[in-house]
Amino acid sequence: MPYRAEYIWIDGRKPTALLRSKTKGVPDGQEPALWVFDGSSTGQAPGDESDCMLRPVKVVPDPIRGNSDVLVMCEVLNTDMTPRESNTRVLAAAAEEKYGDQEPWFGLEQEYTFFKDGRPHGWPIGGFPAPQGGYYCGIGADEIWGRDVVEDHTWACMEAGLAISGTNAEVMIGQWEFQIGPVGPVEVGDQLWLARWLLYRIAEDYDISATLDPKPVKGDWNGAGMHTNFSTRAMREGWDPIIAACEALGERAQEHVKHYGAGIERRLTGLHETAPWSEYSYGVSNRGASVRIPWQVNLEQKGYIEDRRPNANADPYVVAAMMTETICSKLAE
Ligand code: ADP
Ligand code: MN
Ligand code: MN
Ligand code: MN
């Protein structure tokens, strides 16, 4: 029997790309092959030269359709098989190729906010909800909205074989987080984009949208980030490389912030568990620092660091490529 392959790719929208997907019927016994799409409808090509190629890079079981159906994460190529400008996966692949011997690992904390009927899910019509305080890791119908979507999404990620390592309700009303990792620089991007697609797709069935807007509600409400936990083999074995990694990030702080997601200055204000975007700092247990060394890591004098700056809408391929390059080039000295 033929099966359905859902081809998923990242479009060319600026400043923040969107996910796209379409379905292909694949004859029994065949693998999902190269496919083509209309790049002029996705901001990826001019109308008179609109064909773009989809190259499958990761195929997983489709947890929504079941049967033998699959999800196919793709990268976008030109018709001559060179990467399109929008293809940031090649950056992560190049960094991994160069520094793979240091065994870089990433664990991403993807925060996001549910919206229903144009308001954050749980926000009352024509009024204001209780100020934040009880929502984080909350329980009960007066604190929590959207848990059914979160449960379905977590299960779907597991069925698809993604390295989802946890979920929690967040500080702002209707806001949640899931974590992917730890896995390598390319893999973490492939998996996070697939997990984002699953989130949007599953929430659709509940008439809910999930947004990665870094600051979905102005004022005294937490923004949404993509805290990026990072280690190399040396960092997992000792303390000096942990400090060297924090220092290396400090040397290129502004360059990193520029590529950590659109609208980062709206979120990194210095309030709401953030450090101001224009200043760099690191510290043990400090959730007000740019980079945090977890308490346990200090205790054991080895482990990983958490870059708290990337926005929820950051591109994980870009973040992984930059952190690998900046830290591993320093540790190699
Ligand atoms: P927080 O306390 O900041 O909320 P979380 O528990 O949400 O932390 O996320 C921690 C993340 O760090 C997880 O995704 C986990 O997989 C990842 N992680 C754990 N150990 C390492 C490591 N050695 N290198 C990289 N990432 C790691
Ligand atoms: Mn977390
Ligand atoms: Mn969080
Ligand atoms: Mn965190």
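Student: Which strand gives the most to the shell around ligand 1?

Tutor: One reads such a shell by asking which secondary-structure elements supply its residues. In this predicted model, strand S9 gives the most to the shell around ligand 1, with 4 residues. S6, S9 (175–183) and strand S11 (226–231) each supply at least two residues of that shell.

Student: Which residues come nearest to ligand 1?

Tutor: The shell has 15 residues, of which Glu 109, Glu 177, Gln 179, Ser 231 and Glu 306 come nearest.

Student: Which polar contacts does ligand 1 make, and how much of its area does the protein cover?

Tutor: An oxygen atom of ligand 1 lies 2.9 Å from an N or O atom in the side chain of Glu 306. For the side chain of Gln 179, the distance from an oxygen atom of the ligand to an N or O atom is 3.1 Å. Gly 181 takes part through a polar backbone atom, 3.2 Å from an oxygen atom of ligand 1. On its own, ligand 1 has 590 Å² of accessible area, and the protein covers 76% of this. The space that ligand 1 takes is the second largest pocket.

Student: Which protein atoms coordinate the manganese ion (ligand 4)?

Tutor: A metal site is read from its donor atoms and then from their places in the chain. The manganese ion (ligand 4) is coordinated by Glu 109 (OE), Glu 109 (OE), His 227 (ND1) and Glu 306 (OE), at 2.0 to 2.6 Å. The spacing of the donor residues in sequence is E-x117-H-x78-E. Distant parts of the chain are linked here: Glu 109 is in strand S6 (residues 105–116) and Glu 306 in strand S14 (residues 305–307), 197 residues apart.

Student: What are the protein donors of the manganese ion (ligand 2)?

Tutor: They are Glu 109 (OE) and Glu 177 (OE), lying 2.2 to 2.3 Å from the ion. This pair also links distant parts of the chain, with Glu 109 in strand S6 and Glu 177 in strand S9, 68 residues apart.

Student: Why does Glu 109 count as buried?

Tutor: Buried means under 20% relative accessible area. Glu 109 counts as buried because its relative accessibility is 14%. Glu 177 is buried too, with a relative accessible area of 4%. Glu 306 is likewise buried.

Methods: Residues are numbered from 1 along each chain as its sequence is written. Chains are lettered from A and ligands numbered from 1 in the order in which they are written. This is a predicted model: local features need pLDDT of at least 70, side-chain atom pairs count only at pLDDT 80 or more; totals for chains, interfaces and linings use all residues. Side-chain values use heavy atoms; hydrogens and water are left out. Donors are N, O and S atoms within 2.8 Å of the metal (3.2 Å for Na, K and Ca); water is not among the atoms, so sites may look incomplete. Buried means under 20% relative accessible area, exposed over 50%, partly exposed in between (1.4 Å probe, protein chains only). A residue is near a molecule or strand if one of its heavy atoms lies within 4 Å of it. A polar contact is a pair of N or O atoms within 3.5 Å; within protein, one must be able to donate a hydrogen and the other to accept it, and residues adjacent in sequence count only if both atoms are side-chain atoms. Accessible areas come from the Shrake-Rupley method with a 1.4 Å probe; for residues, only the protein chains shown count as cover. On a 1 Å grid over the protein atoms alone, a cavity is a set of points where a 1.4 Å probe fits but cannot get out, and a pocket is an open set with protein on both sides within 12 Å along at least five of seven lines; lining residues have an atom within 4 Å of a point. A molecule sits in a cavity or pocket if more than half of its atoms lie within 2 Å of its grid points.
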